[in-house]
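Dear colleague,

Please find below the structure that I am handing over to you. My findings follow it.

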Amino acid sequence: IEKLMHLEKEHELVMASLKQQRLSATRWMTRQQVRLTAQAVEMQNERTLIASVIERDMRVFAEVIGQFEK
């Protein structure tokens, strides 16, 4: 019976350790999700800004070319 009690105690400790590992992993995944989401949003903002700069430059270029064609 002593061995059984020892095994049950070991089992409880292992289960508690697994629960803690799962909580740690969940927190890590949440942090990664937040980081990657923020990164994706910033990349989208950067691409939008670059597209607007290119569009503006194309308009200016067209105006300059138009002046030479007159």
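**Findings**

Leu-18 lies in helix α1, which covers residues 2–69 (helices are DSSP runs of H or I with at least four residues, strands runs of E with at least two, numbered from the N terminus). The model is predicted, so that local features need pLDDT of at least 70 and side-chain atom pairs count only at pLDDT 80 or more, whereas totals for chains, interfaces and linings use all residues. Residues are numbered from 1 along each chain as its sequence is written, and side-chain values use heavy atoms, with hydrogens and water left out.

**Overall form**

The protein chain contains 1 helix and 0 strands. Its radius of gyration is 30 Å, well over the 11 Å given by the globule rule for 70 residues, so the chain is more spread out than a compact globule (the radius is taken over C-alpha atoms, and the rule is 2.2 Å times the number of residues to the power 0.38). Along the principal axes, the C-alpha atoms fill a box of roughly 105 × 10 × 5 Å.

Of the 70 residues, 0% are buried (buried means under 20% relative accessible area, exposed over 50%, and partly exposed in between, with a 1.4 Å probe and protein chains only). The accessible surface of the chain is about 7,000 Å², and carbon and sulfur atoms account for 64% of this surface (Shrake-Rupley method, 1.4 Å probe; for residues, only the protein chains shown count as cover).

**Nonpolar patch**

Leu-18 is partly exposed, because its relative accessibility is 44%. Together with Val-14 and Met-15, Leu-18 forms a nonpolar surface patch of about 270 Å² accessible area (patch residues have over 30% relative accessible area and no salt bridge; nonpolar side chains are joined within 5 Å, like charges within 9 Å).

**Salt bridges**

Side chains of opposite charge can pair when their charged atoms come close. The whole structure holds 2 salt bridges (a side-chain nitrogen of Lys or Arg within 4 Å of a carboxyl oxygen of Asp or Glu).

- Arg-59 pairs with Glu-55, with 3.2 Å between the closest N and O atoms. The two residues are separated by about one helical turn, because they are 4 residues apart in helix α1. Arg-59 is partly exposed at 45% relative accessibility, as is Glu-55 at 48%.
- Asp-57 pairs with Arg-56, the closest N and O atoms lying 2.9 Å apart. Asp-57 is partly exposed at 38% relative accessible area, and Arg-56 is partly exposed at 43%.

With kind regards
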